[in-house]
Each structure stands twice: as C-alpha cells, then as structure tokens.
Amino acid sequence: MTSTVPRVGVVTFPGSLDDRDARRAVDQMGGEAVALWHADRDLRGVDAVVLPGGFSYGDYLRCGAIARFAPVMEQVVSFAERGGPLLGICNGFQVLCEAGLLPGAMIRNHSLRFICRDVWLRVETAQSCITGGLTPGETIEIPIKHGEGQWIATPEQLVDVERDGLVVFRYASRTGIVDDDHNPNGATNNVAGIRNAAGNVVGLMPHPEHAVDPDVGPTGGQPLFSSLLHAALAGAAG
Amino acid sequence: MSPEDHPLHRQLGLTDDELVKIEATLGRTPNRNELAMYSVMWSEHCSYKSSKIHLRTLPTDGPAVLVGPGQDAGAVDVGDGIAVVFKIESHSHPSAIEPYQGAATGVGGIVRDIVAMGARPVALLDPLLFGPLTEERNRWLLAGVVGGIGGYGNCIGVPTVGGEIRFADAHTANPTVDVMCVGVADAADLITSQARSAQQGSLMVLYGASTGRDGIGGVSVLASATLDDGAEGARPSVQIGDPFAEKLLIEASLELIAAGSLEGLQDLGGAGITCAVSESAARAGMGASLDLDAVPLREPGMEPFEILTSESQERMLAIVHPSKLGEVRAVCDRWGLTTAVIAELTQERGLTVRSGGTVVADVPASSLADDGPVYDRPLTPPARELANGEDPTFAPFDKELTGVVMTVLTAPNVASKRWAFEQYDRLVQGNTVAGPDSDAAVVRVAGTLKGLALSTDSKSRFGRLDPFSGAVHAVAESARNVAVTGAVPLAVTNCLNFGNPERPEVMWQLTESIRGIREACLAFDTPVTGGNVSLYNESGDSAIWPTPVIGMLGLLDDYRLRVPSSFPRPGLAIYIVGETFAELGGSEFAESVLGVVAGKPPALDLSKERALHRFLAAAARGTVTASAHDCGDGGLVIALLEAAIGGGHGFAVALAGDLPSHVALFSESASRAVLSVDPADEDALVGLAAEHGVPIARLGETGGPRALVEGLLDVPVAELRDAWENAIPRLLGET
C-alpha cells in the first residue's frame with residue numbers, strides 16, 4: 001500500500017457498542033476507518049485493527065470469552081503475529097486477554113458496580129503502538145466505563161509484566177501519583193493498559209475514542225490515535 | 001370460595017359491566033382466550049380508561065409537531081428534515097416487586113417504542129422516586145433500580161444522560177420508576193404504527209426473542225391494580241430482560257427501516273402479541289388471521305392465552321409485503337434474530353386466532369384496540385380545605401445558618417446523585433455535550449450543530465400541597481432547566497403517576513394536575529406529544545403524592561453555545577435573575593430543617609416564567625453568559641453552592657433586601673436563575689434583561705476557595721463538595 005491515509009479496521013461483534021465511536025475517532029484524527037464484521041474472514045487490507053468496547057455476544061459467559069472464537073479473530077490474530085498494530089479497548093481488551101494475545105484477565109470492579117467517570121492515566125512506556133508520541137511519566141485524561149475492568153494476573157505473570165515493562169498506562173492522579181485513591185476499579189498495580197512484548201498489541205480499559213472531541217469530553221485520546229495512525233502508516237510502508 | 005364469587009373475568013381484572021360490553025360486541029359469551037385478550041387490552045395501562053377524557057384537554061398541536069399522542073411515541077420537527085422522537089413510560093409496579101428486572105425491562109420497553117417509530121435511540125433519562133434511605137427496603141430498591149437501569153442501558157449502546165432521583169415517605173411502598181427515551185430519525189423515514197401501505201395479504205413477522213411464560217398479564221395484574229400484601233406472588237408477572245437481544249433488535253430494525261423493507265413496525269410491550277397484532281390491524285383498518293402455532297416458544301405446552309398475553313421482552317412485529325419477506329429474513333439472520341410469520345392482514349375486520357388448526361378466538365380487532373371502556377370517574381377535592389398546616393414561611397427561626405445550609409445541602413433530594421449516575425454509560429454514541437450533572441442534558445444531533453436539551457422534572461412536594469400548582473411548577477422547572485442551557489423549550493412528554501383512580505380524591509388530584517400541565521404548556525407553547533399514565537400507585541391507604549413527571553425537549557441551534565450550569569472560572573460577576581419572595585411553603589428547607597411538608601407552594605406567573613426562558617436563550621445566543629443555573633430545591637443558596645462545587649470555584653456575594661436571612665437563602669420562589677458573566681459583558685446582560693422585562697440583580701463575584709455569603713456563610717468549597725457528594729453514599733453506609 002502506498003496510501004498516506006492509514007486505514008484502520010474496527011471490528012463489530014454482535015453486542016459491540018463503541019464501534020461507531022471508534023470509527024469516528026479514527027476519522028477525526030485523520031485516518032480512514034473501515035468497518036469489519038465479526039463473521040467475515042477478511043480484514044480488507046487494513047493497516048491497523050481496533051477491537052471496540054461493548055458487550056460482545058452479551059458477555060453472558062465471561063467478558064470477551066465468545067468473541068475470541070469469532071471467524072474474524074483468526075485473521076486478527078495472524079495480523080498481530082505479523083506485527084500489525086492491534087488495539088483492544090475495554091471489551092476489546094478483554095477479548096485480547098481471552099485470545100491469549102495479552103496476559104492477565106479482567107474481573108468485576110472492586111465496588112461491584114459499573115463506573116463511568118473521567119480518569120487520569122500515567123503513561124508508562126512509549127514502546128507501544130498507541131504511545132509512540134507520548135513521554136513516560138506524562139498524564140492524560142480519558143473516561144472509563146465498565147463493570148468488569150479490574151485487571152488481575154497470576155503472580156508469575158505479574159512479575160513478567162512488570163519486569164518486561166509491559167504496563168502501558170496506570171490509573172493515577174492528575175499529577176501522576178499512582179495509589180489506591182486513584183484506582184477506580186481495584187486493578188492490580190493500578191494497571192489500566194498493557195502491551196505485548198513487541199508493543200504492536202495493546203489493550204486498555206479506558207476509552208480513548210471518547211476523548212478526541214473537546215466538545216463532548218476530554219482530549220487525552222488524541223495522542224493515542226495519532227500514535228496508532230503513525231504506527232499503521234509505518235507498518236503499511238514497511 | 002366458589003367460582004361464582006371469583007368468575008374468570010374478575011380474576012383477570014375486568015368488571016361485570018365490561019363483561020357485558022364484551023358480550024354485546026361479540027353477540028355471545030367470550031371464551032377464555034378472548035377474555036384474556038380483552039382483559040389486557042382494556043386494562044388501565046393499555047386503554048387509559050380513567051384518564052382518557054381528561055388527557056384530551058391537553059394541548060397537542062404545534063407547528064413543529066409531526067406525531068402527537070396515540071402512537072408509540074411523539075415526534076417533533078427540529079429543522080433540516082430531522083425528527084426527534086421521544087416518550088416517557090413508567091415501570092413502577094414491576095420495580096416495586098423486582099427492582100433490577102423491573103427497571104431494566106422499563107428501559108427496554110421505551111427503547112423499542114422509539115425504534116418502532118423508525119428512530120435511532122440517542123438518549124435515556126430516568127426520573128426516580130423512592131422512600132427515605134433510612135429504611136433498608138428503600139435502599140434495596142434504589143440499588144436494584146439503578147443497577148437495572150445501568151445493567152440494561154449500558155449494554156444497548158444508548159447513553160443515559162439524565163433524570164432525577166427524589167425521596168419522599170409516600171414512595172416507600174410504591175417507588176416511581178419512569179424512563180424517557182429520545183430518538184432521532186429522518187423526518188421522511190418516520191414510521192407511524194399505522195401501517196403505511198399495508199394491504200390485504202401483508203404479513204406480520206415476529207422477530208427477536210422467543211415467547212415464554214414471563215410477564216403474563218403484566219399490564220392487567222401488575223400495572224392496573226394496587227400492590228397489596230403478598231405482592232411477591234406477582235413475581236411471575238415481571239418480565240425478564242436480555243439487553244444483548246435488544247441491541248441486536250435495534251440494529252436489525254434500523255437496518256430494515258433504512259432499506260425500506262417494512263410497511264409498518266410495532267414493538268411488543270404491554271399486552272404482548274394481542275396488542276401488537278390488534279393495534280396494527282385496527283390502524284390499517286383491517287383484520288388479521290393469527291396462527292399461534294407459528295410463534296417460536298421458549299417452552300412447550302404454553303396455552304393459547306399465555307402466548308397471546310405474554311410480555312416476553314425484546315420482540316418486534318413488522319408488517320411486510322410478501323415480496324420483501326426474503327430481505328427481512330436475511331437482515332434478521334445476519335443479526336442472529338429468529339423470524340416467524342405469525343399473521344396475515346385480512347379484509348375482514350376480525351382478528352381470528354388459530355391454534356392447532358382450530359379457531360381459539362375471534363373478535364373484531366378494533367374492539368380490542370379502540371373500543372375500550374372510557375370512564376368519567378367521580379372526583380372530589382379532599383375534605384381538608386387544603387389543610388396545609390401552618391405556613392413555614394412565617395415560623396420564627398433563629399438557628400445558626402451554616403449548619404442549616406449543610407443540612408439542606410446534604411438532604412437526599414439536594415445531594416449529589418453521582419453515586420447513581422456513575423453507574424450509567426453517559427458517553428456511548430459520542431454526542432453527550434452535557435450529562436447528568438447539568439440542569440438539562442445536552443445531546444448533539446450527529447452530523448449537525450443542533451443540540452437537544454433534555455430534562456425530566458417532578459415537584460411532588462408542591463403537588464401534595466396543591467396538585468395544580470405542583471404540575472405547573474413541574475412544567476416550568478423542566479422548561480427552565482432546558483432554558484438555562486440556552487435552549488428553546490419545544491415540546492413535552494409526561495408520565496402521570498398517581499394512586500387509585502377509583503378514589504374520588506385521587507381523580508381530583510389527577511384532573512388538577514392535568515389542568516396545571518395544560519395551563520403551563522399553553523403558556524410556553526410546548527405541546528404534549530404523548531406520555532403515559534401510571535395509576536394504582538398505592539398500598540393499603542398510602543398513595544403516592546400526585547407526581548406528574550414532565551419530560552421536556554428543548555433545542556439549541558448550535559450546541560457549541562450551550563451554557564454550563566457551574567462557575568467556569570474566577571473573576572466573573574454573579575447575578576440573580578427573577579425575584580425572591582417570602583415563599584418557604586413546600587420547600588426543601590421546610591422539609592429537611594423544620595420537618596414539615598406544609599404551607600402554600602410558591603406563586604408562579606407563567607408570563608414571567610416565559611420571559612425568563614426567552615431572556616436566557618437570547619443571552620446564550622449572544623454568548624453573554626458564562627454560566628446559568630436554575631434556582632430550585634433549597635433556593636438561592638443551594639443554586640450558588642452547586643455552581644461553585646461543579647466548577648471548583650468559590651464566590652463572595654451579599655444579599656440585599658429585607659427578607660429574613662433564612663428566607664432569602666432558602667425561599668423557592670419560581671422563575672429564577674443564578675448567572676455568572678464576564679465583567680466585560682455585564683452591561684450587555686443587564687440591558688438584555690431589561691429588554692425582556694426580567695428583574696436582575698448583581699450579587700457578587702466568583703473566585704477564591706470559599707463560598708462566602710456576607711454575614712451568613714463562609715465555608716471552603718472543598719468541604720461543601722465532600723458533604724454534598726458523599727451524602728448519598730453515607731446514607732447507603734458506603735463511606
């Protein structure tokens with residue numbers, strides 16, 4: 001592909017809710033959003049893939065547990081294995097964990113309630129497909145909205161994740177303090193988002209697609225999407 | 001007890017007179033299935049038999065009205081070919097028995113009403129009333145209802161952007177659980193449930209969930225009778241919701257509408273298949289032949305009357321020309337939804353129901369849908385001459401005011417409802433310009449600059465003292481809430497929540513409230529495009545207060561000019577518009593500080609109120625105001641504190657005038673708002689107020705960390721915020 005406008009596929013599963021929002025965010029940030037359907041086995045030549053938020057297949061079994069078996073996921077997994085940029089947001093993050101692309105799992109918030117709130121995130125690494133344009137230590141504001149967003153991992157996984165610097169974002173104060181007071185859901189080590197070792201696969205619970213348009217919310221999602229578009233373009237060129 | 005004491009029609013909620021009327025229509029004795037069908041269709045919930053003659057007095061016409069009452073939802077034209085569809089419904093009775101599912105299925109039902117009009121649902125608002133949180137059952141009801149609203153609403157991709165939560169003793173036995181949904185459609189694509197081009201031979205396709213034994217007779221058993229002891233036994237009449245199926249239903253329906261595949265569309269809610277089939281047929285001026293064997297069932301062995309009256313959720317009925325059946329099935333298949341052709345429109349006006357090849361019911365379709373009984377029930381004002389007790393306005397009062405302010409600020413009616421609103425997804429669809437912490441939510445219409453300003457309001461404390469006044473105040477406050485954002489109030493939907501209409505005093509409350517809505521809506525040019533009536537909200541001898549809930553739709557031509565309710569920055573001048581009188585009757589101060597709901601509600605001059613709305617819209621258009629907040633519960637001081645807490649900026653003001661201090665702070669005089677304005681715009685603001693004949697007075701400035709009312713109050717905003725935000729969690733024992 002020689003196009004200078006990166007094409008970003010957004011998968012719609014039955015029960016996806018923020019798929020239109022993710023497509024709009026891609027378009028607003030200068031990319032070209034491409035709608036992908038769960039039952040298709042074709043990624044339509046996109047340069048990056050987003051698994052959006054929602055309640056895929058109703059999430060009646062376990063969040064993301066069914067979606068990982070969707071026909072489109074076979075292509076998504078092999079796209080990621082080839083190094084393609086892949087972002088899972090909220091339910092999409094849960095799908096990536098279920099698919100084994102990212103470590104850990106999500107359980108119910110420690111309050112046992114759904115929480116919709118703007119939160120601050122501290123950037124932990126620039127080595128990921130959505131933080132290339134950010135500096136570790138800086139903070140960004142993005143909303144969360146989930147009932148099962150408490151990230152957990154086995155002790156062994158946790159050691160690996162922290163040792164290898166796989167944490168991309170932690171819940172924090174506006175000034176970057178990471179503590180229990182600024183942990184909305186009880187996530188282990190305040191983890192809000194993680195990456196794979198290569199950095200091309202990232203999952204996060206907060207919703208950057210709801211943080212690109214200043215008329216309707218904070219703008220902390222803008223640098224994430226511009227980084228993703230940048231990574232997509234680099235992948236497409238390479 | 002012998003069957004003569006409890007004949008079937010009475011068990012089903014039909015009166016002896018109604019049975020006579022059915023026999024006259026049929027010219028014979030109805031069989032058991034037919035009785036079941038009439039009982040649900042002629043129930044209070046479906047037929048509005050007690051309220052109909054009074055509802056007819058409401059103004060329903062206006063230049064912007066596209067669809068008035070009588071359809072699934074009302075619709076208004078907001079310009080550029082865009083229609084806004086909106087309606088409010090109640091699910092109070094089911095919620096009193098099973099709060100989570102009751103509230104959840106209430107959301108599902110109203111969303112299908114909007115979809116059935118051909119509109120994409122874009123916003124939900126949930127006005128709720130409960131008994132005091134000091135009682136465990138009320139805490140359980142609140143947690144269950146809020147959980148159900150979130151559990152369902154958050155899974156269907158429609159943001160919950162507002163609503164209100166109020167508390168009163170009278171709602172202990174009967175919580176009020178209303179829900180409003182707003183949708184957006186191409187005006188040209190609007191589907192009225194009157195089948196557009198339906199003709200003989202058109203097919204009725206049931207799609208979505210299968211039909212089970214849940215919600216049998218929900219409208220007649222639950223919603224049209226009082227809840228007495230042993231109401232838990234009615235649990236099988238509460239429906240069970242599946243939001244995932246609803247989400248698929250929404251997407252499939254909107255795809256079918258956009259493709260022009262349908263001749264008509266109807267949701268299945270109260271009274272299930274009976275209602276959907278008979279109404280669709282009656283509106284097309286036809287009959288229908290319905291085959292119950294074609295209905296996909298959840299379990300074998302269901303009786304015909306169960307299939308006919310089941311209120312299983314997440315089902316829709318499409319009217320489809322036979323040539324389009326294939327494409328309808330293809331779309332539903334793609335979304336994983338089952339389809340079944342269950343009926344066919346016929347030239348004869350009868351609704352003929354078959355099961356196992358034999359006719360099990362045969363009645364005129366229109367007799368179910370349109371010929372229900374209409375009652376002019378006796379009404380009597382209460383014997384008490386509005387025995388409102390001593391007016392609290394004139395009670396001597398000399399307590400230290402800081403503590404009193406804190407009491408009112410943390411009163412459950414006034415305190416932050418963040419505990420509940422954070423459990424709702426207010427963001428999905430990406431158009432929420434202002435959410436539940438604003439006087440009115442503002443949702444932009446995707447792809448345009450238009451903003452829909454939405455508010456739901458009730459004033460049942462005033463309504464208890466004077467139902468007419470309570471209704472006028474409810475309409476005025478909802479219009480004001482919309483107006484402070486800069487929007488022009490456009491149209492109204494209403495949910496009338498009352499006790500048992502067979503009691504003349506309740507009927508009087510109902511008619512007085514309708515009279516109040518009529519007067520206010522006429523004065524504001526806000527026609528009533530639809531709504532819902534919820535009666536029998538009483539248990540034993542405790543009826544809820546007269547509680548008309550008003551859902552107001554306002555329009556901003558440019559959502560970017562929306563005026564926030566909080567002080568956005570320091571260094572602004574603070575003004576109050578409108579006049580403050582000695583009016584503490586029915587106020588929050590009287591209830592939470594003096595412990596009485598007594599006196600005379602504040603006066604309300606509709607022309608002054610209207611002038612305020614026009615002034616606020618003009619000020620917003622001229623970008624003169626930095627913030628505007630309604631003065632409501634708790635009066636001027638609470639309005640100031642809320643604006644300070646929300647914005648995170650303190651203020652210093654001085655109150656002029658000769659009212660006693662507590663009256664000046666807490667009076668709930670109508671038609672007022674607190675504004676902040678950049679010093680450079682002060683002259684323009686004052687000039688604009690004079691132009692509109694609205695009294696305006698400068699109170700002070702924003703800035704600093706403290707809330708300071710000269711000589712009366714001096715408290716850090718951070719302390720106020722903590723008290724205000726944590727009051728509800730503290731009552732729930734969570735902090």
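In the predicted model, 20 residues of chain A are in contact with 22 residues of chain B. Three elements of chain A, namely α1 (19-28), β6 (115-123) and β7 (139-146), each supply at least two residues of the side that touches chain B. The largest share comes from β6(A), with three residues. By residue type, this side of chain A divides into eight nonpolar, four polar and eight charged residues.

Gly217(A) has a contact across the two chains. It lies in the loop between β11 (201-204) and α5 (222-237) of chain A. Residues up to four places away in sequence aside, Gly217(A) touches Pro143(A), His210(A), Ala211(A) and Leu427(B). Gly217(A) and Pro143(A) are 74 residues apart in sequence, yet their C-alpha atoms are 8.3 Å apart in space. Gly217(A) counts as buried because it has 22 C-beta neighbours inside 10 Å, and the threshold for burial is 20 or more.

Two further sites in chain A were examined. Val50(A) lies in strand β3 (residues 48-51) of chain A. It is buried, since 30 other C-beta atoms lie within 10 Å. Neighbours within four places in sequence aside, Val50(A) is in contact with Val8(A), Val10(A), Ala22(A), Leu87(A), Ile89(A) and Gly92(A). Met73(A) is 23 residues from Val50(A) in sequence and 12 Å from it in space, C-alpha to C-alpha. The other site is Asn190(A), in the loop between β9 (167-172) and β10 (191-195) of chain A. The phi of Asn190(A) is near 60°, a positive value in a residue other than glycine. Asn190(A) is also buried, because 22 other C-beta atoms lie within 10 Å.

Chain B has a secondary structure of 25 helices and 30 strands. The radius of gyration of chain B is 26 Å, close to the 27 Å that the globule rule gives for 735 residues, so chain B is as compact as a globular protein of that length. Along the principal axes, the C-alpha trace of chain B spans about 85 × 60 × 45 Å. Buried residues make up 63% of the 735 residues in the chain. Among contacts in chain B with a separation of 6 or more, 84% join residues 24 or more positions apart.

The domain assignment divides chain B into three domains. Domain 1 comprises 1-60 + 193-372, domain 2 comprises 64-191 + 420-562, and domain 3 comprises 392-415 + 563-735. The C-alpha centres of domain 1 and domain 3 of chain B lie 49 Å apart.

A positive phi in a residue other than glycine is also found in chain B, at Ala271(B), where phi is near 70°. Ala271(B) is placed in the loop between β10 (264-267) and α11 (272-283) of chain B. It is buried because 31 other C-beta atoms lie within 10 Å.

Two helices of chain B were followed along their length. Helix α19 (residues 504-524) of chain B has 21 residues, which at 1.5 Å a residue should span 30 Å. The end C-alpha atoms of α19(B) are 30 Å apart, in agreement with that value. Buried positions in α19(B) include Val506(B), Met507(B), Leu510(B), Ile514(B), Ile517(B) and Phe524(B). Gln509(B), Glu512(B) and Ser513(B) are among the buried residues of α19(B) too. After the helix comes Asp525(B), with a positive phi near 55°.

Helix α25 (residues 717-731) of chain B has 15 residues. Even so, α25(B) bends by about 35° at Glu725(B). A proline, Pro729(B), follows within four residues of the bend. The buried residues of α25(B) are Val717(B), Leu720(B), Ala723(B), Trp724(B), Ala727(B), Ile728(B) and Leu731(B). These buried residues pack against helices α15 (401-409), α16 (418-421) and α22 (635-647) of chain B. They also pack against strands β29 (706-709) and β30 (713-716) of chain B. Gly733(B) follows α25(B), and its phi is positive, near 75°.

Technical notes:
Residues are numbered from 1 along each chain as its sequence is written. Chains are lettered from A and ligands numbered from 1 in the order in which they are written. This is a predicted model: local features need pLDDT of at least 70, side-chain atom pairs count only at pLDDT 80 or more; totals for chains, interfaces and linings use all residues. A residue is buried if 20 or more other C-beta atoms lie within 10 Å of its own, exposed if 12 or fewer, and partly exposed in between; C-beta atoms are placed from the backbone. Domain bounds come from an automatic or database domain assignment. The expected span of a helix is 1.5 Å times one less than its number of residues. Two residues are in contact if their C-beta atoms, placed from the backbone, lie within 7 Å. Ala, Val, Leu, Ile, Met, Phe, Trp, Tyr, Cys and Pro count as nonpolar, Asp, Glu, Lys and Arg as charged, and the others, Gly among them, as polar. The radius of gyration is taken over C-alpha atoms; the globule rule is 2.2 Å times the number of residues to the power 0.38. The bend at a residue is the angle between axes fitted to the seven residues ending there and the seven starting there.
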